Amino acid sequence: MKLAILFFDIPNLSGGGGAERFFYDFFTDYNKTQGTNHELFLITDDLNNIVDSGRESEQSNIIYTKNYKYFNFRFLNFINRKNKYLLGNVINAFIVRGIIKKYKIAKLVVPFYNPREYYFYKLFNYFNVQLDYFIVDCRIPENYLLNSAPYYFYSQYGLFFKNIKFQNIHTWYSSVKEFIEKNKIIAHYNSIRTYNTRYTGVILDYNPGKKTDTIVFAARMDEQKDPLFFLEAIKILYQNPVFSQEKWKVNIYGKGPLLEAVKNSIHLNQLTNVFVLNSANLEEVFVESRIFVSTQKYENFPSLVISEAMAKGNIIIAKNVGQTHLLVREGVNGFLCEENNTGSLADAILAATQLCDSESINMAKSSVSIMKTEHTLNNFIRQFDTKILN
């Protein structure tokens with residue numbers, strides 16, 4: 001069966017979210033893998049976001065089309081009074097429908113949705129284009145019914161979920177599946193299918209000799225990633241005489257609305273040896289770091305950055321939320337802390353820093369082993385090939 005992933009209006013992959021990078025890399029890796037069940041295409045409106053990220057772009061299965069989302073004519077403005085994207089949606093839908101017919105694509109897999117594209121997808125239903133939707137936002141169960149700042153999810157997804165017909169819903173999150181089934185927020189679909197694996201395209205690379213006494217926090221500087229929670233734990237850690245501030249360096253990577261608050265917290269609390277840095281290549285950072293910390297509020301699975309850190313032999317410390325256990329095993333490749341307890345996080349970081357060399361090496365090797373045996377491309381493809389069918 002011929003499938004296509006729809007990549008419209010996606011930000012630059014070098015600075016975009018983990019989900020965007022994951023699905024492009026999956027498209028590339030899927031087509032290089034022997035024995036897959038389908039032929040996979042990618043329909044995109046922007047090749048620059050691929051080229052700028054350093055990713056491979058010369059593939060026969062990448063289909064580029066111009067995006068007419070802002071298309072408008074003055075004499076047709078009365079059509080666009082309520083939705084200024086309506087005309088662009090209509091044009092885009094007909095163009096993509098033409099691509100589907102030309103390449104005989106049986107189904108579109110949609111991993112991302114923007115509310116201005118509602119009529120785009122509605123027309124696909126009229127055209128009888130088969131749609132599968134892959135939900136990549138773990139925040140929906142906690143915020144959908146609240147519909148309040150900063151997540152206006154009901155406003156964003158309401159029309160889409162209630163009026164668009166899907167064959168299958170895919171997601172990594174069992175909490176999303178349970179929420180959809182309980183609250184019936186999606187009106188038209190055949191089944192919801194969950195995945196318990198992910199993979200990272202980075203090379204597995206652990207060399208104890210390259211490791212330095214470095215703790216890394218890398219994430220968007222926003223409310224969901226909770227960087228200020230991390231810094232509160234570092235503040236507590238610095239007050240513990242057992243912890244060596246001089247020995248351990250703390251590096252923070254990321255941008256976002258809380259970046260200035262992060263810098264101010266470091267300054268006000270006099271957190272010496274804590275640095276806010278920029279890096280275009282976190283793989284290189286993870287080769288040398290020893291400990292990676294994640295403080296996401298809702299879910300740490302299937303975090304791309306955790307996966308990349310594990311692939312490079314990092315001990316992982318994370319909030320025990322959602323399905324974090326699928327990546328982080330207490331006392332095996334890391335430590336889990338209580339969800340809203342900065343003292344618990346400080347204790348977990350301290351425990352990791354106090355490991356003897358052999359314990360630290362064994363934990364690092366366990367991180368690599370989990371990525372090598374469980375969260376692999378072949379395991380993800382096996383689930384995808386099974387779950388994508390009717």
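1. Cavities. The count comes to 3 cavities of 30 Å³ or more. A cavity here is a set of points, on a 1 Å grid over the protein atoms alone, where a 1.4 Å probe fits but cannot get out. Grid points are joined across faces, edges and corners, and a volume is the space filled by probe spheres set on the points.

2. Basis. This is a predicted model, in which local features need pLDDT of at least 70 and side-chain atom pairs count only at pLDDT 80 or more, while totals for chains, interfaces and linings use all residues. Residues are numbered from 1 along each chain as its sequence is written, and side-chain values use heavy atoms, with hydrogens and water left out.

3. The largest cavity. About 60 Å³ of space lies in it. Its lining consists of Phe8, Asp9, Asn67, Lys69, Asn89, Asn92, Arg116, Glu117 and Phe120; lining residues have an atom within 4 Å of a point. The lining divides into 2 nonpolar, 3 polar and 4 charged residues. Asp, Glu, Lys and Arg count as charged; Ala, Val, Leu, Ile, Met, Phe, Trp, Tyr, Cys and Pro as nonpolar; the others, Gly among them, as polar.

4. Helix 3. Helices are DSSP runs of H or I with at least four residues, strands are runs of E with at least two, and both are numbered from the N terminus. Lys104 follows the helix, with a positive phi near 55°.

5. The buried side of helix 3. Its buried residues are Leu86, Leu87, Gly88, Asn89, Asn92, Ala93, Val96, Ile99 and Ile100. Buried means under 20% relative accessible area (1.4 Å probe, protein chains only). Asn89 and Asn92 also line the largest cavity. The cover over the buried residues includes strand 1 (2–7), strand 2 (39–44), strand 3 (62–64), strand 4 (107–110) and helix 4 (118–126).

6. Glu308. This residue sits in helix 11 (residues 304–311). Glu308 is buried, at 9% relative accessible area. Leaving aside residues up to four places away in sequence, Glu308 touches Arg21, Thr200, Val202 and Phe286. Contact means heavy atoms within 4.5 Å.

7. Cysteines. The structure holds 0 disulfides. Cys138 is in none; the nearest cysteine sulfur, that of Cys337, is 16 Å away. That is too far for a bond, because a disulfide requires a pair of cysteine sulfur atoms within 2.5 Å. Cys138 is buried, at 7% relative accessible area. Cys337 is buried too, at 2%.

Notes. Buried < 20%, exposed > 50% of the residue type's maximum accessible area, 1.4 Å probe, protein only. 1 Å grid on protein atoms, 1.4 Å probe; cavity = no way out; pocket = protein on both sides within 12 Å on 5 of 7 lines; lining within 4 Å.
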